[in-house]
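Colleague: I am new to this entry, so please take me through it feature by feature, giving the general idea before the particular case.

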Amino acid sequence: MNMNAKITQQVELAFWDFTIQALSESKFIRYLVWNFYHLFKGKDRRKTWITIAVVGIVGFLVGNFISLLVFIFNFLV
């Protein structure tokens, strides 16, 4: 059990090292974290869930479109 604790602690430390470095060096990552935080802490919960649903549906459709293009490309080649 002690070895598992060491592995989980090492993974956690690696995660936080990466996260802190990314937040320190990248304005884009800080922007994403700030907006993501305020998305869920905002007062308009309905708008938040509509945004999440729209992004999810668009992501699903884009993924299906890409897989269709790959299928067609593999079929023709």
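Colleague: Let me begin with one side chain: what is the relative accessible area of Trp16?

Modeller: The general idea is that a residue is called buried under 20% relative accessible area, exposed over 50% and partly exposed in between, using a 1.4 Å probe and protein chains only. Trp16 has a value of 43%, so this residue is partly exposed, and Phe15, at 47%, is partly exposed too. Please keep in mind that this is a predicted model, in which local features need pLDDT of at least 70 and side-chain atom pairs count only at pLDDT 80 or more, while totals for chains, interfaces and linings use all residues. Residues are numbered from 1 along each chain as its sequence is written, and side-chain values use heavy atoms, with hydrogens and water left out.

Colleague: How many aromatic pairs does the structure hold?

Modeller: Rings of Phe, Tyr and Trp (its six-membered ring) pair if their centres lie within 6.5 Å, and planes under 30 degrees apart count as stacked, over 60 as edge-to-face and the rest as tilted. There are two such aromatic pairs here. In the pair of Phe15 and Trp16, the ring centres are 4.9 Å apart and the planes stand at 75°, which makes the pair edge-to-face. The rings of Phe71 and Phe75, in contrast, have planes at 20° and centres 6.3 Å apart, so that pair is stacked.

Colleague: Where do Phe71 and Phe75 lie?

Modeller: Helices (DSSP runs of H or I, at least four residues) and strands (runs of E, at least two) are numbered from the N terminus. Both Phe71 and Phe75 belong to helix H3 (residues 45-76), and they are four residues apart, which is about one turn of the helix. Phe71 is exposed, at 55% relative accessible area, and Phe75 is exposed as well, at 66%.

Colleague: What is the secondary structure of the protein chain as a whole?

Modeller: The protein chain has three helices and zero strands, in the pattern α-α-α along the sequence. At the start of H2, a side-chain oxygen of Ser26 comes within 3.4 Å of the backbone nitrogen of Phe28.

Colleague: Which residues is Leu23 in contact with, leaving aside its neighbours within four places in sequence?

Modeller: Contact means heavy atoms within 4.5 Å. Leu23, found in helix H1 (residues 2-25), is in contact with Ile29, Arg30 and Val33 once those neighbours are set aside.

Colleague: What radius of gyration does the protein chain have?

Modeller: The radius is taken over C-alpha atoms, and the globule rule is 2.2 Å times the number of residues to the power 0.38. A compact globule of 77 residues would come near 11 Å, but the protein chain has 20 Å. Of those 77 residues, 4% count as buried.

Colleague: Where in the protein chain is confidence lowest, and where is it highest?

Modeller: Here pLDDT is the predictor's confidence in each residue, from 0 to 100. The mean for the protein chain is 86, with 92% of its residues at 70 or more; confidence is lowest in H2, at a mean of 84, and highest in H3, at 90.

Definitions and conventions
Polar contact = N/O pair within 3.5 Å; in protein donor to acceptor, adjacent residues only side chain to side chain.
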